[in-house]
Amino acid sequence: MSRLLLALVLFALPLISLAADPGIPAVTLTTGEDGGQNYTVTLQILALMTVLTLLPAALMMMTSFTRIIIVLSILRQAMGVQSTPSNQVLVGLSLFLTFFIMHPVFDNAYQTGVKPYMDGEIQVLDAVEKTAGPFKDFMLAQTRESDIELFATIAGHGEINTAKEVPFSILLPSFVTSELKTAFQIGFLIFIPFLIIDLVVASVLMAMGMMMLSPMLISLPFKLMLFVLIDGWALLMGTLASSFYI
């Protein structure tokens with residue numbers, strides 16, 4: 001967790017200088033002996049808290065969180081349980097699964113960017129670039145080429161020949177779009193067996209003339225039993241985790 005916070009704070013350093021009051025010398029740019037530029041930061045509490053509000057958005061948009069929370073929400077809707085598990089449980093489960101999936105990325109970002117910067121081996125701009133590298137590689141691995149081409153065309157960007165040429169301004173919306181598409185594809189496959197149970201129960205009730213009885217009320221125990229018998233939670237969590245590293 002501490003490594004994640006350090007990596008995200010390094011991302012936020014350029015934003016801190018923008019958020020600070022121009023009359024307060026919050027950030028001073030100095031030039032080292034080797035010609036590199038470094039920041040001497042005297043953080044003001046208000047500026048720091050302002051920047052920290054951006055960290056949840058970065059956590060959701062640059063990690064596996066989006067795909068996981070959407071799939072879990074679709075699963076709850078497919079089972080017909082409107083508030084079980086609760087939103088807090090789904091968000092907590094998604095966060096911890098996100099930390100599990102992203103641990104290699106966080107560790108790589110810490111070893112290549114944060115730790116050398118804290119040891120004084122590299123300048124802050126180099127640290128930001130090296131810290132962003134593992135996140136960029138992760139997002140590129142999950143992003144469809146068609147989505148990158150779409151946003152590159154919208155932005156009027158030139159032809160992109162290699163993955164290293166994709167800027168963050170194009171990669172980030174492309175990654176989010178791909179994650180939404182993948183999440184709904186997984187959700188569709190999850191929805192099918194529960195939908196079949198609903199259709200079977202509705203057909204049986206109609207054949208018995210029990211049209212006033214809600215099919216959802218009768219099908220819910222069968223859907224819960226099916227999900228438990230196939231060890232659904234372990235199967236779903238394992239599938240979501242492995243889907244990022246296939």
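User: How many aromatic pairs does the structure hold?
Analyst: This is a predicted model: local features need pLDDT of at least 70, side-chain atom pairs count only at pLDDT 80 or more, and totals for chains, interfaces and linings use all residues. Side-chain values use heavy atoms, without hydrogens and water, and residues are numbered from 1 along each chain as its sequence is written. Rings of Phe, Tyr and Trp (its six-membered ring) pair if their centres lie within 6.5 Å; planes under 30 degrees apart count as stacked, over 60 as edge-to-face and the rest as tilted. The number of aromatic pairs is six.

User: What is the angle between the planes of Phe106 and Phe135?
Analyst: The centres of Phe106 and Phe135 lie 5.8 Å apart. The pair is tilted, and the angle between the planes is 50 degrees.

User: Which helices hold Phe106 and Phe135?
Analyst: Helices are DSSP runs (H or I, at least four residues), numbered from the N terminus. The pair ties together parts 29 residues apart in sequence, because Phe106 lies in α5 (residues 87–118) and Phe135 in α6 (residues 124–142).

User: Is Phe135 buried or exposed?
Analyst: Buried means under 20% relative accessible area, exposed over 50%, partly exposed in between (1.4 Å probe, protein chains only). Phe135 has 2% relative accessibility. Phe135 is therefore buried.

User: Why is α4 largely enclosed by the rest of the structure?
Analyst: Helix α4 covers residues 65–79. It is largely enclosed because its buried residues number 13 of the 15.

Conventions:
Helices (H or I, at least four residues) and strands (E, at least two) are DSSP runs, numbered from the N terminus. The expected span of a helix is 1.5 Å times one less than its number of residues.
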